[in-house]
Amino acid sequence: MYKLSQTFFLFLLTTNDIVSENLKILFVVNKFPYESRPYIDNQIAAFLDRGIDVNVLAFERSDHETYELATKYKFKNITFYNKLPENKRAFDIIYCQFPSMGHKMIQWKKKNKVKGSIITFFRAGCEFQTIEQEAKKYTSLFEKSMYIFVVCQAFKDRLIAYGYPEQKIIVHHSAINTNNFPYYARTLKDKEIKILTIGRLHPMKGHSYSIQAIKMLSDLGYNITYNIYGEGKEHNALLKLIKELKLENTVYLKNYCSHKDVVNLLHNHHIFLLTSCTTQTGSQEGIPNVLMEAMATGMPIVSTWHSGIPELITDKKNGLLVPEYDSQATAEALLELITHSTDWPKLATEARKYVLNEHNTKKQTEKVLQLFYKIKNSKIGEK
């Protein structure tokens, strides 16, 4: 297999010699359609808008598979489960959305069950906890994948530290359709301060630290309503914490919210809060999409110095950052926003501008398509 240097990749992104011949791309995911992963849906939709020949190989269905985007783009019509028909096994790009899918497609290629150049995506920090345990398996993943995509520089740095080849690792940021998240100016006219978190109920999201920070502000006499939307294994533990802190009339676990409702939730709250943190097993966020969505609407944000989040949020420029696990610092950052609401327009303008420039679906799609076309037209990699 030939290798492209990072310098050559940058050259690809500046060229405009994409040919009209269609690409055939196979997205490989564990479950699909799955509303909770808009970062995958957004790219599939963008590719379809460009006339790309897209199919999806999935290995299970989800509990949230009927939703607006899935219906609009007829995702079920392009999806195969567990196997591919004989006439749908040759692709230009086999686009594996998680390392586990990359491992599986390497085996499929050996058995001639699929053909194409494999690109594997590291999207979630939970993958890192298995690298040391299965070092040989991941070495094979890097050898057999044409490129490894990561959602943030922090992930790239971790992989390089493990000894994997830098020239194969490309930072490709997740993106949102910014047209779906219009700017909305917020002011603190009322005494009630509405704070929002959207994220699954998982230790990596740090919800317990956010709740403890809200307790500190409540004890200071601030009238706060804190809504947490998400499902997960921490539900009962968080409910218990809320009761222990006597926050039943302040903090509300709202369960799952559909993606179509996210923009209304963002517009109807004052501050977005997400205290992501590294878990005991080493799991980390990449760059949470919901932060991009909140920033696109101009929402003031408090988040953490965690993994790729500082690549999105510049402290005191387009949001506020606090250390992981630090409820006191979180409370102080929230208090700074509450008592200096006149600073919100400046933060909001910078936040939206950054997302439009760096996490825009259209721009990110053009970048990755240029690489995919070069792979196809140059016949680089194993076919």
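Biologist: Is the β-α-β unit made by β9, helix α9 and β10 left-handed or right-handed?
Modeller: This is a predicted model, in which local features need pLDDT of at least 70, side-chain atom pairs count only at pLDDT 80 or more, and totals for chains, interfaces and linings use all residues. Residues are numbered from 1 along each chain as its sequence is written, and side-chain values use heavy atoms, with hydrogens and water left out. Helices (H or I, at least four residues) and strands (E, at least two) are DSSP runs numbered from the N terminus, and a crossover counts as right-handed if, with the strands pointing away from the viewer, the path from the first strand over the helix to the second runs clockwise. By that test the unit of β9, α9 (residues 235-244) and β10 is right-handed.

Biologist: How many bridges join β8 to β9?
Modeller: β8, helix α8 (residues 207-219) and β9 also make a right-handed β-α-β unit. I193 has I224 of β9 as its bridge partner. β8 (residues 193-198) and β9 run parallel, and the number of bridges joining them is six.

Biologist: How many residues of β9 are buried?
Modeller: Buried means under 20% relative accessible area, exposed over 50% and partly exposed in between (1.4 Å probe, protein chains only). In a regular strand the side chains alternate between the two faces of the sheet. I224, Y226 and I228 point one way, T225, N227 and Y229 the other, and all are buried. For β9 (residues 224-229) the count is six of six.

Biologist: What is the average twist from one strand to the next in the open sheet of seven strands?
Modeller: The strand order is β3-β2-β1-β4-β5-β6-β7, with parallel pairing. β3 (79-81) and β7 (169-171) each have a single partner strand, so one side of each lacks a neighbour in the sheet. From one strand to the next, the twist averages 25 degrees.

Biologist: At about what angle to β1 does helix α2 run?
Modeller: Axes are lines fitted to C-alpha atoms, for helices over the stretch in contact, and angles run from 0 to 180 degrees between N-to-C directions; contact means heavy atoms within 4.5 Å. Helix α2 (residues 38-49) lies across β1 (24-31), β2 (53-60) and β4 (90-96). Its angle to β1 is about 160 degrees.

Conventions. Pairing = 2+ DSSP bridges.
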